[in-house]
Amino acid sequence: MQETSSRPSSAGGATAPAKARFEAVSKRFGTGDDAVQALEPITLDIAQNGFVCLVGPSGCGKSTLLNILAGFETATSGRVLMDGQPVKGPDARRGVVFQQGALFTWMSVEDNVAFGPLAVGRSRAEAMKVAAHFLDMVGLTAFAKRYPYELSGGMQQRVGIARALANDPEILLMDEPFAALDAQTRELLQEEIRRIWQETRKTVLWITHSIEEALFLATDIVVMSARPGRIKARFRPEFATSNDPAVVASAEFVRMKAEIFGLLREEAIAAQRQEDRL
Ligand SMILES: Nc1ncnc2c1ncn2[C@@H]1O[C@H](COP(=O)(O)OP(=O)(O)O)[C@@H](O)[C@H]1O
Ligand SMILES: [Mg+2]
């Protein structure tokens, strides 16, 4: 595996403790001739306060990996730990934001966001206060009384993010949350999520198809191989902590982008060959 940092790591520098850890996690779906080996054993640490982006060709097992940490899927072998304890199923310490369509259509925006706090027994007044706080964070205070169908796709995703944050999760899991959005909305939301991450310092696991998005947001980029998914390379960009909009034009950004593009292209070709054989 290849390791690249946008700056040489300082000798003896303290490394943050792992918030979550995949330990030789593999996944096989089905049995016999129809079985699909989705993941080869993967070992991966997600640092406390880190923003880890998974990139890789379609079908390489990114969602499977995220779903195992979420507790929606179980590993075929290996285990996944959070704060050193095995994950046994979904719980409120891990908040999930889906690609789209996960809001309660029959509830107002504020009720969607207040749902989690109410579900854990907070009073209506408290839950509405939490909802107001996070709607303010995603810039949707004026839309609190509206219904999801009255909102654009980008606004709905912001509600999804506010709703996840309202549960005060320790890790946010986001599976291509901006994939269905147009390019401009996506760029604005990337800036927003970066600001929110800088403010809340939540630990994040994020799946994206966009190399630029990964470079812009991540402290750690994990490039996965074609199925069965393995870790092909890791990058540790340092653009996410910069507030200089010009970083995306810096020589280092462009160099890393080209390198990741090359790696992903090889894997996309391998994935295409697999498809052709089916
Ligand atoms: N529930 C399932 N049953 C059978 N195969 C599955 C299931 N979920 C995913 N797969 C297969 O596992 C592989 C990895 O899927 P996935 O994790 O969704 O990939 P990605 O998110 O990288 O596109 C794919 O070949 C997919 O068809
Ligand atoms: Mg997926």
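**Salt bridge.** I looked up Glu-192 and Arg-158 and found their side chains joined in a salt bridge, 3.1 Å from N to O. I counted a salt bridge when a side-chain nitrogen of Lys or Arg lies within 4 Å of a carboxyl oxygen of Asp or Glu. The model is predicted, so I kept local features only at pLDDT of at least 70 and side-chain atom pairs only at pLDDT 80 or more, while totals for chains, interfaces and linings use all residues.

**Domains.** I noted domain 1 as 2–7 + 16–93 + 174–277 and domain 2 as 103–168. These bounds come from an automatic or database domain assignment. Their centres, taken over C-alpha atoms, lie 26 Å apart. Domain 1 puts 13 residues into the contact and domain 2 puts in ten; contact means heavy atoms within 4.5 Å.

**Interface.** I read about 950 Å² of buried area between domain 1 and domain 2, with 69% from carbon and sulfur atoms. Buried area is the accessible area (1.4 Å probe) that two parts lose on being put together, summed over both. Two salt bridges link domain 1 and domain 2. On the side of domain 1 that touches domain 2, I find seven nonpolar, two polar and four charged residues. Here Ala, Val, Leu, Ile, Met, Phe, Trp, Tyr, Cys and Pro are nonpolar, Asp, Glu, Lys and Arg are charged, and the others, Gly among them, are polar.

**Helix H1.** Eight of the nine residues of H1 (residues 62–70) are buried, so the helix is largely enclosed by the rest of the structure. Among them are Leu-65, Leu-66 and Ile-68. Buried means under 20% relative accessible area, exposed over 50%, partly exposed in between (1.4 Å probe, protein chains only). Helices (H or I, at least four residues) and strands (E, at least two) are DSSP runs, numbered from the N terminus. Gly-71 follows H1 with a positive phi near 95 degrees.

Most residues other than glycine have a negative phi, and most peptide bonds are trans. I checked Asp-168: its phi is positive, near 50 degrees. Asp-168 sits in the loop between helix H4 (153–166) and strand S8 (171–175), and is exposed at 54% relative accessible area. Arg-201 also has a positive phi near 50 degrees. Arg-201 lies in the loop between helix H5 (183–200) and strand S9 (203–207), partly exposed at 38%.

Conventions: Residues are numbered from 1 along each chain as its sequence is written. Chains are lettered from A and ligands numbered from 1 in the order in which they are written. Side-chain values use heavy atoms; hydrogens and water are left out.
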